Amino acid sequence: MKINGAPTRTLWPAADGSGDVEIFDQTLLPHRVEVVRLKTLDHAARAIKDMQVRGAPLIGATAAYGLALVTRGDHTKADLEEAGRTLKATRPTAVNLAWAVDRMLAKVLHAPPTDRREIAYAEAAAICDEDVETCRAIGRHGLALIEAAREKKGGGRVNVLTHCNAGWLACVDWGTAIAPIYAAQQAGIDVHVWVDETRPRNQGASLTAFELGQQGVAHTIIADNTGGHLMQHGQVDLCIVGTDRTTRTGDVANKIGTYLKALAAQDNGVPFYVALPGSTIDWTLTDGIAQIPIEQRDPTELTRITGRLPDGSLAAVDIAAPGSPAANYGFDVTPARLVTGLITERGVCAASEAGLVGLYPERGR
Ligand code: MRU
């Protein structure tokens, strides 16, 4: 995708060949486009924890490079294992993080120490390249659903509602939930996106709106509580959201508030799709509500808002009653029964074990 007309991914090895990795600091978007250099494991872990990079696929890719950074200096197998634990501890809900760390460790731990650097960087690059192709395929499969929605209404503009940011900023390129929208744009379909602001960190208003604007996709930011009203008035043709972890039975963890959108969609007969790469499926879990760990973050994310002042500087202001406690749950779980279908790189399936195993037969029991 593009920022200010220039094609870019969300992370890349530094052009000077040092092995450093570069990212956009997403905590500054959309107000400032700033590139940050990750030189150490600690930099990578901090970038994930502080959400300079975020979104399930991108934190997995960043963790992969975090391990590669360790292989640049003297290190032992124990150092690599400890680095893996450090990275996994940064954020609990998105399973892509553990998936990427385990994939990297499986490649490098048993390699001769002198080969580890080369192997680690090649594997991290492969994870990134595969993510791009996976998301492109998700876009292709999701496009068919947008085309079907257009046919159903007899042509004209298709209105898609999305929550949080599951676009290219959450991945290496393309995105998961937003990939079908980019595919629709390229296919010449008139598509418009209702962008939930996504309190408390506003990934919708700041990141999804930013990236859709950069790619020239029609969109409108709405307050988080608006979706139900729009659905009641026939203004949403389908919902597409991403996910940070999906169980083998099709329960979906995604940004807090997703569940309420799925309930409203069900009540109004609006199709509710979830887009995900295979790396987001946790094949060990069967009950999302009971088993998926839900991240709780600093309550000040809820009580304080950061934005740009007229002079261009960034500032944070407190918006809550001083002293009132606040609880900041990052994610919720939408049960499979509320999900119309899962859009994966292998096609669209029912949100169920049978549906998922049908697409990933190697995961059958
Ligand atoms: O807390 P974040 O910003 O890392 O959350 C990630 C998200 O944006 C999502 O919940 C998203 O929809 C799934 S990640 C493609």
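In which loop is Asn 4 found? Asn 4 is placed in the loop between strand E1 and strand E2 (6-7), where helices (H or I, at least four residues) and strands (E, at least two) are DSSP runs, numbered from the N terminus. Although Asn 4 is not a glycine, its phi is positive, at about 50 degrees. The structure is a predicted model, in which local features need pLDDT of at least 70, side-chain atom pairs count only at pLDDT 80 or more, and totals for chains, interfaces and linings use all residues. Residues are numbered from 1 along each chain as its sequence is written.

The secondary structure of the chain comprises 12 helices and 18 strands. Its radius of gyration, taken over C-alpha atoms, is 20 Å, close to the 21 Å that the globule rule gives for 365 residues, so the chain is as compact as a globular protein of that length; the rule is 2.2 Å times the number of residues to the power 0.38. Along the principal axes, the C-alpha atoms of the chain fill a box of roughly 60 × 55 × 40 Å.

The domain assignment, whose bounds come from an automatic or database source, gives domain 1 (2-130) and domain 2 (139-363). The C-alpha centres of domain 1 and domain 2 are 24 Å apart, and 24 residues of domain 1 are in contact with 28 residues of domain 2, contact being counted if the C-beta atoms of two residues, placed from the backbone, lie within 7 Å. On the side of domain 1 that touches domain 2, the elements that give two or more residues are strand E1 (2-3), H2 and helix H4 (96-108), and H2 gives the most, with 5 residues. By class, this side of domain 1 has 13 nonpolar, 7 polar and 4 charged residues; Ala, Val, Leu, Ile, Met, Phe, Trp, Tyr, Cys and Pro count as nonpolar, Asp, Glu, Lys and Arg as charged, and the others, Gly among them, as polar.

An open sheet is formed by 3 strands in the order E3-E4-E5, with antiparallel pairing, two strands being taken to pair if DSSP finds at least two bridges between them. Strand E3 (11-13) and strand E5 (35-38) stand at the edges, each with a single partner strand, so one side of each is left without a neighbour in the sheet. Strand E4 (residues 21-24) pairs with E5 in the antiparallel sense over 4 bridges, and the bridge partner of Phe 24 is Val 35 in E5. Helix H2 (residues 56-70) packs on the sheet and touches E3, E4 and E5, its direction making about 25 degrees with that of E3; axes are lines fitted to C-alpha atoms, for helices over the stretch in contact, and angles run from 0 to 180 degrees between N-to-C directions.

H2 and strand E11 (252-255) each supply at least two residues of the shell around the ligand. Of the 17 residues around the ligand, Arg 54, Ala 166, Ala 170, Gly 242 and Lys 255 come nearest, a residue being near if its C-beta atom, placed from the backbone, lies within 6 Å. The shell has 6 nonpolar, 8 polar and 3 charged residues. Domain 1 and domain 2 both give residues to this shell, so the ligand lies between them.
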